[in-house]
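Work through the exercises below with the sequence and the model side by side. Each task is followed by a solution in steps.

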Amino acid sequence: MKPPQSRGGAGGGGSCGGALGRRAFAALLSAAVIALALVCLFYGTAFGPTLRSGRHPRLPLQLRFQAQTLPADLALSSLPVRELSAIALCMRVMVRYFDSLTGSLCACVLVGVQVCDARYSELIPCLDRGLHYQLRLRLNLSLMEHYERHCPPARRRLNCLIPPPSGYRVPIRWPRSRNEVWKANIPHTHLASEKSDQRWMVVNGDKINFPGGGTHFHTGADKYIVHLAQMLNFPNGKLNNGGNIRTVLDVGCGVASFGAYLLPLDIITMSLAPNDVHENQIQFALERGIPSTLGVLGTRRLPYPSRSFELAHCSRCRIDWLQRDGILLLEVDRVLRPGGYFVYSSPEAYAMDPINRNIWRRMSDLARRMCWQIASKEDQTVIWVKPLTNGCYMERAPGTLPPMCDRNDDPDAAWNVPMKACLTPYSERVHRVKSSKLLPWPQRLTAPPPRLEELRISSNNFSEDNEIWHSRVIQYWKLMKSEIQKDSFRNIMDMNANLGGFAASLMKKDVWVMNVVPFTESGKLKIIYDRGLVGTIHNWCESFSTYPRTYDLLHSWLLFSEIEKQGCSVEDLLIEMDRILRPHGYAIIRDKVAVINYIKKLLPALRWDDWSSEAKPKKDAPSSSDERILIVRKKLWDKTL
């Protein structure tokens with residue numbers, strides 16, 4: 001049933017209506033609304049995070065009272081109030097009473113969101129080390145816990161719009177961006193001087209150039225990649241091995257030049273690095289348009305299912321692989337496919353001094369006990385290969401360390417799951433067929449992967465999902481046709497990716513997609529990786545692990561409805577989307593009519609009213625008659641506006 005239309009005016013003086021005999025009661029309730037709003041205005045930003053040296057300056061919300069009908073599934077009574085942030089609370093402070101004529105709700109409506117101080121232009125809320133001091137977290141630095149996610153509680157969220165840095169410009173478009181970005185967009189040049197001999201990056205006037213060098217490959221990642229292919233005797237000197245190597249994990253990736261130069265080979269790399277002393281390396285990678293993410297091998301599993309990557313790469317990644325009984329190398333083993341490769345380019349592999357020789361002997365012994373074999377070793381690089389079956393595991397002597405993981409352990413569980421110092425055995429099916437049974441790229445993109453049966457999804461349903469998303473993407477692009485250019489998008493995020501159908505439908509476009517699978521449906525991420533796509537697991541009640549202004553397009557299908565069911569805030573999610581969306585970037589929101597109507601009222605406050613389009617979606621199997629499509633474009637603004 002459609003909610004009744006509000007009879008109140010659009011201005012600040014709209015009344016809440018009601019029977020004449022209840023005017024006194026209405027006046028009392030209106031006074032209560034005003035009182036609560038004043039409390040919200042006064043205390044709202046006290047719930048935001050604080051600086052190490054003191055509290056943030058207050059960030060007052062701009063509110064007005066308006067008679068308005070709010071969708072039933074956004075009602076305050078459905079939410080645990082203690083979990084709402086200041087913005088969400090202010091937007092939901094309301095007095096509900098039934099108007100005998102309209103059934104409208106008297107609500108506090110947001111008309112503006114304050115802009116954060118410029119010092120927060122690069123804020124990553126769940127990777128904010130200042131928060132560690134504020135919350136007095138006791139973190140083990142030797143285990144890299146300070147680089148792991150620690151999210152602010154609702155009362156400490158910074159509920160304001162993250163401003164761009166001074167002089168920010170619309171990013172250079174791909175493919176030029178692989179080699180150059182605007183210096184004003186990431187005004188950090190310390191890596192250029194620190195790594196000048198390694199050709200990571202070079203400051204050139206108002207731009208920063210990327211020659212393609214790295215700590216280990218000073219002469220260029222392209223030559224280094226050819227050398228790796230030659231070490232493995234792959235056909236034509238190409239590391240993709242005829243499409244059999246498609247997904248790669250690069251740990252300690254620097255500015256992701258290794259991943260950048262794998263793209264022409266149709267290899268997509270999840271370039272991973274923490275927000276450490278080289279704190280802007282992933283920010284540079286994303287500005288360049290290279291798939292990458294913030295993360296660390298610490299105490300928790302990486303947010304990827306087992307058997308996700310054909311190859312893992314560490315080029316002087318400064319990781320102590322021997323610590324805690326080899327737990328970090330065992331985590332790499334968990335995410336490698338049967339027969340997957342671990343490429344290790346580091347002084348330990350070639351240096352002859354006593355310290356490095358000792359590390360090499362111990363690491364070789366660990367790899368042997370893990371049943372890894374050396375596929376090739378030349379100069380400064382060694383490449384190990386993981387076994388195809390459980391045969392070697394079963395032949396190990398009793399008591400050999402590391403032990404095999406318990407059979408009850410779920411190797412695909414990867415959201416806030418502690419790492420375990422054990423070897424993950426293959427399933428009976430993988431052991432029997434001696435591989436993942438994946439087709440080469442690009443055939444694997446649309447072929448039903450074998451692990452579908454683990455989710456009880458039929459091949460027919462998988463193929464139907466592909467067709468549905470192909471049709472949906474066509475409709476999206478038609479709606480944006482008058483506004484976008486061929487190179488408008490490079491970094492795209494599907495916030496509720498399901499089986500990856502949205503990303504698969506974009507393969508003919510020069511883009512890459514971060515497929516985000518909600519932690520409640522984490523099993524679907526292995527299907528996405530088996531298709532040759534990349535992604536991660538996430539809980540959208542929390543902030544995402546990326547820098548501000550890193551994505552050109554965000555796609556959300558029924559995500560707002562889902563997080564409401566979890567008791568989380570629509571408003572907080574919108575502000576988080578604004579944080580990670582680039583100026584002039586687009587958001588495609590496909591959700592229930594009531595949710596779309598509510599979000600539309602917030603667009604001016606978010607400065608997302610540069611351009612918008614709304615449409616009724618074409619009917620397909622997963623959709624309902626209650627869905628709408630809203631496409632919006634974010635304005636380019638600065639702190640002074």
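A salt bridge is a side-chain nitrogen of Lys or Arg within 4 Å of a carboxyl oxygen of Asp or Glu. The model used here is predicted.

**Exercise 1. Salt bridges**

State how many salt bridges the count comes to, then examine the pair of arginine 300 and glutamate 148.

Step 1. By the rule above, the count is 35 salt bridges.

Step 2. Side chains of opposite charge can pair when their charged atoms come close.

Step 3. For arginine 300 and glutamate 148, the N to O distance is 3.8 Å. The cut-off is 4 Å, and the two side chains meet in a salt bridge.

Step 4. Arginine 300 is in the loop between β11 (292-294) and β12 (309-315), while glutamate 148 is in the loop between α3 (129-134) and β6 (180-182). The pair is 152 residues apart and links distant parts of the chain.

**Exercise 2. Two packed helices**

Describe how α16 and α17 pack.

Step 1. Two packed helices are described by the angle between their axes and the distance between the axes.

Step 2. Helix α16 covers residues 570-580 and helix α17 covers residues 593-606. Their angle is about 45°, and their axes are 12 Å apart. That makes α16 oblique to α17.

Step 3. The handedness of the crossing of α16 and α17 is right-handed.

Step 4. List the residues that meet. From α16 come Val570, Glu571, Leu574, Ile575 and Asp578; from α17 come Tyr598, Ile599, Leu602 and Leu606. Sorted by kind, the residues of this contact are seven nonpolar, no polar and two charged.

**Exercise 3. Confidence**

Which pLDDT does the chain average, and where is the pLDDT below 50?

Step 1. The average is 85, and 80% of the residues score at least 70.

Step 2. The pLDDT is below 50 over residues 1-22 and over residues 89-107.

Step 3. Where pLDDT is low, the predicted coordinates should not be read in detail.

Note on methods: Residues are numbered from 1 along each chain as its sequence is written. Side-chain values use heavy atoms; hydrogens and water are left out. Axes are lines fitted to C-alpha atoms, for helices over the stretch in contact, and angles run from 0 to 180 degrees between N-to-C directions. Helices (H or I, at least four residues) and strands (E, at least two) are DSSP runs, numbered from the N terminus. Angles under 35 degrees count as roughly parallel, over 145 as roughly antiparallel, 65 to 115 as roughly perpendicular and the rest as oblique. A crossing is left-handed if the near helix is turned anticlockwise from the far one by less than a right angle, and right-handed if clockwise. Contact means heavy atoms within 4.5 Å. Ala, Val, Leu, Ile, Met, Phe, Trp, Tyr, Cys and Pro count as nonpolar, Asp, Glu, Lys and Arg as charged, and the others, Gly among them, as polar. pLDDT is the predictor's confidence in each residue, from 0 to 100.
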